[in-house]
Amino acid sequence: PKVFYTLPDGTERVVEAAAGDSVMQTAVRNGVTGIVAQCGGELSCATCHVFVDADELAAFPAPSEDEEDMLDGTAVDREDTSRLSCQLVLADRDLHVVIADEQL
Ligand code: FES
């Protein structure tokens, strides 16, 4: 699948991804800026905040209780489409995310 990342500066990066990888891992591996991912995917930093395309969001399992808790502490206030990108595992379909302006 392809992941379309809208960066904090408004530009778009399109990355060829692998199903089974997380949206965070895919960004870090490909040098996509804006996702800090301080904890490396351990669900303890909330610096991997993205807004997921509203139509595509439904394809993912709902956030766990731990993710919900962490989403309450993001640098940019959460919205309905907010997720922590380390918890979004890619399936074999394209995905569009907007990276939150601030992560820290
Ligand atoms: Fe730390 Fe996602 S990388 S919560």
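## Strand 3 and its partners

Strand 3 and strand 5 (residues 95-99) pair in the antiparallel sense, and three bridges join them. This comes from a predicted model. Within that pairing, F51 sits opposite V98 of strand 5.

Strand 3 covers residues 49-52. It also pairs with strand 4, residues 82-84. That contact is antiparallel too, again over three bridges. Here V50 is the residue that faces R83 in strand 4.

Strand 1 runs over residues 2-6. Strand 2 takes in residues 12-16. The two pair in the antiparallel sense over five bridges.

Together, strand 1 and strand 2 make a hairpin, with five residues between them. The turn contains G10, whose phi is positive at about 95°.

## Strand 1 against strand 5

Strand 1 also pairs with strand 5. This time the sense is parallel, and there are four bridges. T6 stands opposite V98 of strand 5. V98 also stands opposite F51. Strand 5 therefore has pairings with strand 1 and with strand 3, under the criterion that two strands pair if DSSP finds at least two bridges between them.

## The two faces of strand 1

Which residues of strand 1 lie on the covered face, and which on the uncovered one? V3 and Y5 make up the covered face. K2, F4 and T6 make up the uncovered face.

Note on methods:
Residues numbered from 1 in each chain as written. Predicted model: local features only at pLDDT ≥ 70, side-chain atom pairs only at ≥ 80, totals over all residues. Buried ≥ 20, exposed ≤ 12 C-beta atoms within 10 Å, placed from the backbone.
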